[in-house]
Amino acid sequence: MTLEEVVIAIVRIAGSLPVLWFPFAGGILAVLVDFSDLFMMNLLDLGGVRDYQVFDKWVDQVYMVAFLVVALRWKGVPRYVAIGLFAYRLIGFAYFEFVDSWRGILLIFPNVFEFWFLFVAGLKRVRPNYEMTWMHAALWLIPLIALKEFQEYVLHWGKWLDKYRAVDVVVDWWNAVSGIF
């Protein structure tokens, strides 16, 4: 591993741990830290990240396992759905990593587990007495899957963001917004 990969991995691991104590806020933090590697790759010059997609999927496993640890504390339908979605994504990760690193596979095995976890953790904060039935879960999963598939399409099939550097996007947005004022 390059020093840059080590630094990014340490930040990503550290950003995954708060979810164990603060499920919703920690989950949001973990997702934001997940995106931070795009900025770190632009700002650090410590040897680079050799294969970002593979590196990212491996480091993602840390926050995914942390999410799973929390989800295993849940009861009933939310727990079972979380376990199923985690297993499904793990199969996709294994296929991507060990069989074929074709990014299109991530559309077939989207990380709906991440969205489900954040949804349930948030729901537990705002409506702690909400009864999640199998029918409710199925209905909630429809928009979650649609959103996640769109995100996976943008990132892995359409590759809409591959030609951009994260820092340049922020600078362009800042210039656009500040130009209004």
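Author: What follows looks at one pair of helices and then at a cavity beside one of them.

This is a predicted model, in which local features need pLDDT of at least 70 and side-chain atom pairs count only at pLDDT 80 or more, while totals for chains, interfaces and linings use all residues. Residues are numbered from 1 along each chain as its sequence is written, and side-chain values use heavy atoms, with hydrogens and water left out.

Helix H3 spans residues 52-71 and helix H6 residues 112-126, helices being DSSP runs of H or I with at least four residues, numbered from the N terminus. Their axes, lines fitted to C-alpha atoms over the stretch in contact, lie 11 Å apart at an angle of about 45°, on a scale from 0 to 180 degrees between N-to-C directions. H3 and H6 are therefore oblique to each other, a class left over once angles under 35 degrees count as roughly parallel, over 145 as roughly antiparallel and 65 to 115 as roughly perpendicular. The contact, meaning heavy atoms within 4.5 Å, is made by Tyr-63, Met-64, Phe-67, Leu-68, Val-70 and Ala-71 of H3 with Phe-113, Glu-114 and Phe-117 of H6.

H3 also gives four residues, the largest share, to the lining of the largest cavity, a cavity being a set of points on a 1 Å grid over the protein atoms alone where a 1.4 Å probe fits but cannot get out, with lining residues having an atom within 4 Å of a point. Lys-57, Asp-60, Gln-61, Met-64, Arg-89 and Asn-111 line this cavity.

How values were computed. Helices (H or I, at least four residues) and strands (E, at least two) are DSSP runs, numbered from the N terminus. On a 1 Å grid over the protein atoms alone, a cavity is a set of points where a 1.4 Å probe fits but cannot get out, and a pocket is an open set with protein on both sides within 12 Å along at least five of seven lines; lining residues have an atom within 4 Å of a point.
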